[in-house]
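Take a look at the chain shown here and follow it step by step. Keep the sequence beside you as you read.

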Amino acid sequence: MALFKKRTVGKPGEWYYCLEHHKVEEGPECPAKDRFGPYASRGEAEHAMQTARERNLQWENDPKWHDAAASRDD
């Protein structure tokens with residue numbers, strides 16, 4: 001009997017999007033560094049990359065996050 005078992009983080013019914021294999025997984029199959037999630041449904045996980053693009057665009061255009069001083073060449 002092994003003292004330390006390799007545990008997977010997450011539970012069945014949680015969905016993930018694997019960035020390495022470009023596929024949806026129920027329960028994590030790949031390491032956390034290679035996935036987005038958890039998502040509540042398979043459909044949400046299937047659209048993970050689109051959601052990330054939309055959120056990045058919102059963040060890039062959010063005036064609260066623009067640091068005008070950093071973009072100037074003084």
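Start with Asp-34, which counts as buried because its relative accessibility is 12%, and the cut-off for buried is under 20%. This is a predicted model. Which side chain meets Asp-34 in a salt bridge? The partner is Lys-33, with N and O 3.4 Å apart. Lys-33 is exposed, with a relative accessible area of 68%. Side chains of opposite charge can pair when their charged atoms come close.

How many salt bridges are there in the count? The count comes to 3. Another one joins Lys-23 to Glu-29, where the closest N and O atoms are 3.2 Å apart. Lys-23 is partly exposed, at 35% relative accessible area. Glu-29 counts as exposed, at 55%.

The pair Glu-46 and Arg-42 also forms a salt bridge, with its closest N and O atoms 3.3 Å apart. Where do these two residues lie? Both are in helix 1, which covers residues 42-46. They sit 4 residues apart, about one turn of the helix. Glu-46 is partly exposed at 45% relative accessibility. Arg-42 is partly exposed too, with a relative accessible area of 40%.

Now turn to Glu-25. This residue has its place in strand 2, residues 23-26. Glu-25 is buried, yet has no salt bridge. Why does Lys-23 not count as its partner? The nearest side chain of opposite charge is Lys-23, and the gap is 4.6 Å. The side chain of Glu-25 does reach something else: the backbone nitrogen of Glu-29, at 3.0 Å. Leaving aside neighbours within four places in sequence, Glu-25 is in contact with Glu-14, Trp-15, Tyr-16, Cys-18 and Cys-30.

Next comes the pairing of strands. Strand 1 covers residues 15-18, and it pairs with strand 2 over 4 bridges. Is the pairing parallel or antiparallel? It is antiparallel. Strand 1 and strand 2 form a hairpin, with 4 residues between them. In the turn, His-22 has a positive phi of about 55°. Across the pair, Tyr-17 stands opposite Val-24 in strand 2.

Which residues make up the largest nonpolar core? There are 6: Trp-15, Tyr-17, Val-24, Tyr-39, Ala-45 and Ala-48. In soluble globular proteins, nonpolar side chains tend to be buried together.

Tyr-39 is found in strand 3, residues 35-39. Tyr-39 counts as buried because its relative accessibility is 17%. With neighbours within four places in sequence left aside, its contacts include Trp-15, Ala-45 and Ala-48. Gly-13, Glu-14, Tyr-16 and Glu-44 are also among the contacts of Tyr-39. Gly-27 lies 12 residues from Tyr-39 in sequence, and their C-alpha atoms are 9.9 Å apart.

The other member is Ala-45. Which residues does Ala-45 contact, leaving aside neighbours within four places in sequence? They are Trp-15, Tyr-16, Tyr-17, Val-24 and Tyr-39. Among these, Trp-15, Tyr-17, Val-24 and Tyr-39 belong to the core, as does Ala-45.

Definitions and conventions. Residues numbered from 1 in each chain as written. Predicted model: local features only at pLDDT ≥ 70, side-chain atom pairs only at ≥ 80, totals over all residues. Heavy atoms only, no water. Core = buried A, V, L, I, M, F, W, Y, C linked by side-chain atoms within 4.5 Å. Buried < 20%, exposed > 50% of the residue type's maximum accessible area, 1.4 Å probe, protein only. Contact = heavy atoms within 4.5 Å. Lys, Arg positive; Asp, Glu negative; His and termini not counted. Salt bridge = Lys/Arg side-chain N within 4 Å of Asp/Glu carboxyl O. Polar contact = N/O pair within 3.5 Å; in protein donor to acceptor, adjacent residues only side chain to side chain. Pairing = 2+ DSSP bridges.
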